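Subject: Structure handed over, with notes

Hello,

Here is the structure you asked to look at. Please open it beside this message and follow along; the notes come after it.

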Number of protein chains: 2
Amino acid sequence: MDETAFIESLRALATHPAARGLLDDAAVLDMGGRSLVLTHDMLVEGVHYLPDDPPGDVAWKLLAVNLSDLAAKGARPIGALLGYSLGEQAWDEAFVAGLGAALEAFGLPLLGGDTVRGGGPRTLALTAVGEAQGRVPSRGGGRPGDQLWVSGTIGDAGAGLRGLRGEIARDPFLVERYRKPRPRLEAGQTLAPIVTAMMDVSDGLLIDSSRLAEAGRVAVEIELGSLPLSEALLVASGAGRDARLAAAAAGDDYELLFAAAPERAAQILALQDGLGLALSRIGAFAQGSGLSLTDSGEAVPLPRSLGWVHC
Amino acid sequence: MDETAFIESLRALATHPAARGLLDDAAVLDMGGRSLVLTHDMLVEGVHYLPDDPPGDVAWKLLAVNLSDLAAKGARPIGALLGYSLGEQAWDEAFVAGLGAALEAFGLPLLGGDTVRGGGPRTLALTAVGEAQGRVPSRGGGRPGDQLWVSGTIGDAGAGLRGLRGEIARDPFLVERYRKPRPRLEAGQTLAPIVTAMMDVSDGLLIDSSRLAEAGRVAVEIELGSLPLSEALLVASGAGRDARLAAAAAGDDYELLFAAAPERAAQILALQDGLGLALSRIGAFAQGSGLSLTDSGEAVPLPRSLGWVHC
């Protein structure tokens with residue numbers, strides 16, 4: 001059973017509006033006018049992280065990928081529950097130290113969880129709980145004419161992973177972007193009242209943009225020349241079309257992908273200084289369905305892979 | 001690193017009052033006067049369930065053990081998030097069907113979660129979210145003089161597991177008690193305002209009673225002759241002292257263990273009919289510390305194992 005078919009079968013059990021049809025980054029539960037935002041993500045050794053990644057960085061990533069889901073809903077994190085598979089003592093100790101540093105960096109406490117002893121590759125799980133004020137953006141709110149935006153730079157983590165695998169030169173900035181993603185919590189909270197739709201980019205910009213468009217029943221066009229690329233990525237991969245396509249199909253960015261009406265553009269651009277984070281217009285929604293790409297206005301065929309399809 | 005040392009190291013990260021020092025069944029978060037109760041329990045194949053247990057029953061158990069934690073805090077379940085490791089398709093399909101039946105039986109929706117593909121023994125995780133009205137009992141509220149109570153009957157699941165392992169004759173009622181525990185949600189909500197301390201019995205009555213007493217900084221004495229035993233267990237194991245000690249040290253009961261002032265006894269006994277559940281006085285708290293046992297008033301040495309110690 002592949003993940004898509006499995007999730008399809010779970011959808012029948014997710015009838016409560018808070019579940020958002022299992023189509024969103026997180027569940028959003030109304031608690032007497034306050035919105036509780038809940039997400040649960042797992043990391044599997046050898047799948048979501050490399051067996052020789054430093055355990056402290058794995059702890060950071062486990063927390064960060066969950067907080068990135070809260071960020072995409074504009075939520076402030078309240079706490080986390082850990083599901084942990086015990087293994088070698090030194091690894092476990094380094095994991096706890098890293099988890100402590102990550103919780104402190106993001107200002108939230110551990111609330112509970114469970115510890116087991118398994119066998120086979122480690123499976124690590126975390127549930128993050130957050131609270132959102134006011135409107136909580138969904139994935140499905142985009143409208144034709146909306147502009148598509150992304151925070152930060154994309155493709156860095158994918159290039160970092162390629163460096164760790166020895167496929168390209170290893171660059172410390174890119175490796176850090178792979179191992180220690182920064183959930184865009186402040187940006188998410190600031191943008192939530194402005195955007196029409198928002199999600200985080202975890203599987204790749206192209207596939208996640210397709211999902212955002214599909215959820216809103218609109219078509220999406222992305223201009224490759226507008227993709228925000230870091231200096232380190234430009235050095236590693238260049239600025240050519242293939243490099244841009246690779247960056248747009250690489251996973252693990254954990255940036256915010258959002259849509260907003262064109263008249264919001266000046267307001268959004270003005271937020272960058274305060275947030276210390278680039279916010280880049282990369283495309284637009286239109287009537288219809290599907291994803292199309294341009295490069296300096298010229299149509300470009302879609303690459304075979306749009307991103308990381310789970311399992 | 002054993003589980004106790006690991007949890008000790010996590011405790012330093014669980015500074016928020018909602019975490020209850022990682023000493024309780026669940027986290028209890030104040031949301032503007034409403035209490036949100038959160039718990040996360042995992043099941044590992046071969047550790048918490050048998051590889052040939054029916055997948056639908058494993059799904060039931062995964063939900064039930066989490067709901068039992070909510071029951072112990074008097075909470076009403078709101079929803080669940082699932083962390084799932086994909087495996088063989090037929091198993092996955094039967095698991096989803098069983099999860100659907102269990103969610104329906106307990107009247108809560110699936111809110112979200114994550115699906116991964118791992119390897120090695122399956123690790124299944126669930127986060128249950130509930131809401132409690134009014135006072136939420138802790139483990140630590142017991143006082144000297146309080147009476148100790150337990151719901152239902154104990155030792156059934158342990159005998160069911162022994163039957164499945166071929167150590168004793170296999171009895172369908174006892175196997176059902178092992179595979180499909182019934183979280184005492186209604187009883188927990190009814191008892192919460194009355195008790196001084198409450199938890200669920202998951203690792204064994206003796207070890208969990210020790211924990212309840214330790215949390216309240218009191219001693220606990222249990223009278224073996226008062227233990228509630230099912231007809232099926234009496235047939236399988238008899239009513240002798242060894243059988244009672246075995247029942248009290250067996251895990252997986254998922255009954256409620258609670259303390260209450262003696263003047264509450266009549267009120268508690270009167271609840272049984274409405275709940276359709278036996279509530280039995282099995283001992284008392286006293287000044288001091290530690291666990292002691294009596295059988296018809298005569299002191300009995302503690303067995304070597306008080307219950308299931310994780311990992």
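**The sheet in chain A**

In chain A, five strands form an open sheet in the order 1-2-5-3-4, and their pairing is mixed. Strand 1 (27-31) and strand 4 (110-117) of chain A are the edge strands, each pairing on one side only. From one strand to the next, the twist averages 20 degrees. Please keep in mind that this is a predicted model.

Within this sheet, strand 3 (residues 76-86) and strand 5 (residues 123-132) of chain A pair in the antiparallel sense, over seven bridges.

Helix 2 (residues 55-72) of chain A lies across strand 2 (34-44), strand 3 and strand 5 of chain A. The helix runs at about 145 degrees to strand 2 of chain A.

**A salt bridge in chain A**

Over all chains, the structure holds 38 salt bridges. One of them joins A:Lys73 to A:Asp25, with the closest N and O atoms 3.5 Å apart. Which parts of the chain does this pair link? A:Lys73 sits in the loop between helix 2 and strand 3 of chain A, while A:Asp25 sits in the loop between helix 1 (3-11) and strand 1 of chain A. These are distant parts of the chain, and the two residues are 48 residues apart.

**The sheet in chain B**

Chain B has an open sheet of five strands with mixed pairing, in the order 1-2-5-3-4. Strand 1 and strand 4 of chain B stand at the edges with a single partner strand each, so one side of each has no neighbour in the sheet. The twist here averages 15 degrees from one strand to the next.

Strand 3 and strand 5 of chain B pair in the antiparallel sense over seven bridges. A pair to look for is B:Ala80 with its bridge partner in strand 5 of chain B, B:Ala128.

Helix 2 (residues 55-72) of chain B lies across strand 2, strand 3 and strand 5 of chain B, and runs at about 145 degrees to strand 2 of chain B. Helix 3 of chain B packs on the sheet and touches strand 3, strand 4 and strand 5 of chain B. The direction of helix 3 makes about 175 degrees with that of strand 3 of chain B.

**Where the chains meet**

How many residues of each chain are in contact with the other? There are 59 in chain B and 60 in chain A. The area buried between the two chains is about 5100 Å², and carbon and sulfur atoms give 74% of that. There are zero salt bridges between chain B and chain A, and five residue pairs are in polar contact.

Several elements of chain B give two or more residues to the side that touches chain A, among them helix 1 (3-11), helix 3 (89-106) and strand 5 (123-132). By class, that side of chain B has 33 nonpolar, 17 polar and nine charged residues.

Regards

Notes. Residues are numbered from 1 along each chain as its sequence is written. Chains are lettered from A and ligands numbered from 1 in the order in which they are written. This is a predicted model: local features need pLDDT of at least 70, side-chain atom pairs count only at pLDDT 80 or more; totals for chains, interfaces and linings use all residues. Side-chain values use heavy atoms; hydrogens and water are left out. Contact means heavy atoms within 4.5 Å. Buried area is the accessible area (1.4 Å probe) that two parts lose on being put together, summed over both. A salt bridge is a side-chain nitrogen of Lys or Arg within 4 Å of a carboxyl oxygen of Asp or Glu. A polar contact is a pair of N or O atoms within 3.5 Å; within protein, one must be able to donate a hydrogen and the other to accept it, and residues adjacent in sequence count only if both atoms are side-chain atoms. Helices (H or I, at least four residues) and strands (E, at least two) are DSSP runs, numbered from the N terminus. Ala, Val, Leu, Ile, Met, Phe, Trp, Tyr, Cys and Pro count as nonpolar, Asp, Glu, Lys and Arg as charged, and the others, Gly among them, as polar. Two strands pair if DSSP finds at least two bridges between them. Axes are lines fitted to C-alpha atoms, for helices over the stretch in contact, and angles run from 0 to 180 degrees between N-to-C directions.
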